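Let's walk through this model together, one piece at a time.

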Amino acid sequence: MGQKPLHEIPLSQWQRVMNVDLTGVFLCMKYQIPAMLATGGGSIVNTASNLGMVAIPNGSEYIAAKHGVIGLTKAAAIEYAEQGVRINALLPGVTKTPMIARLMEDPAASQMFEAIRKAHPIGRFATPEEIAQGAIWLLSDASSFVVATSLLVDGGYVAM
């Protein structure tokens, strides 16, 4: 996210975020789906974000793209479910990746992340492994009746 109010976001920044976060998902499905149809079906898990369900200030381009991923996932899911292709979205919250860990070393960012952490009922950020478990389940036969779902894996953040 660019951390700017909407009216200050350069068009180039808007387009870059849309290209990566939304058009990238479209292009993946555009080529995954025909391959799956040719081989009898499969499961796709698109990555959105818990910010695809809510909004925060100064992240309009990211939030719009992630809301778009959820809508695209639902539209594609109902188009292909009868043909054996299940499509769902995973909505992770803040995840303690190396990138986030580096950002948290900056004193100003550290304060912001501490406030975000406190907004999580679980009291911490996810590990990458915890997010992966949601994707594994959505891809597995254990979720065979799950179609067009947005699975929040965010420690309860959106519930607040």
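Predicted model: local features only at pLDDT ≥ 70, side-chain atom pairs only at ≥ 80, totals over all residues.

Now look at which parts of α5 are covered. Its buried residues are I131, G134, A135 and L138. They take up an arc of only 95 degrees around the axis, so they sit on the same side of α5. The general rule behind such a pattern is that an α-helix has 3.6 residues a turn, so residues three or four places apart point the same way. On the other side of α5, E129 and Q133 are exposed.

What lies over the buried side? The cover of the buried residues of α5 includes β1, β2 and β3. These belong to an open sheet of 3 strands, ordered β1-β2-β3 and paired in parallel. Its edge strands, each pairing on one side only, are β1 (42–47) and β3 (150–153). From one strand to the next, the twist averages 25 degrees.

Strand β2 (residues 85–92) runs parallel to β1, and 6 bridges join the two. If you want to trace that pairing residue by residue, V45 has N88 as its bridge partner in β2, and N46 has A89.

Helix α2 (residues 60–80) lies across β1, β2 and β3, and runs at about 160 degrees to β2. Helix α5 (residues 128–139) packs on the sheet and touches β1, β2 and β3, with its direction at about 165 degrees to that of β2.

How many of the residues of β2 are buried? The strand is mostly covered, with 8 of its 8 residues buried. V85, I87, A89 and L91 point one way from β2, while R86, N88, L90 and P92 point the other way, and all are buried.

Several of these residues return in the nonpolar cores. The largest core has 15 residues, of which M29, I33, I44, A48, V85, I87 and L91 touch the most other members. At least two residues of this core come from each of α1 (11–38), α2 and β2. Apart from it lies another core, of 7 residues, including L90, A126, A135 and V153.

Leaving aside residues up to four places away in sequence, L91 touches A48, S49, N50, M53, I70, S150, L151, L152, V153 and D154.

Finally, turn to the loops, where two backbone angles are worth checking. Most residues other than glycine have a negative phi. N58, though not a glycine, has a positive phi of about 65 degrees. You will find N58 in the loop between β1 and α2. Is N58 buried, partly exposed or exposed? With a relative accessible area of 31%, N58 is partly exposed. A148 is another residue other than glycine with a positive phi, near 65 degrees. Its place is the loop between α5 and β3, which brings us back to the helix where the tour began.

How values were computed:
Residues numbered from 1 in each chain as written. Heavy atoms only, no water. Pairing = 2+ DSSP bridges. Helix = DSSP H or I, 4+ residues; strand = E, 2+ residues; numbered from the N terminus. Axes fitted to C-alpha atoms, helices over the stretch in contact; angles between N-to-C directions. Contact = heavy atoms within 4.5 Å. Buried < 20%, exposed > 50% of the residue type's maximum accessible area, 1.4 Å probe, protein only. Arc of directions from axis to C-beta. Core = buried A, V, L, I, M, F, W, Y, C linked by side-chain atoms within 4.5 Å.
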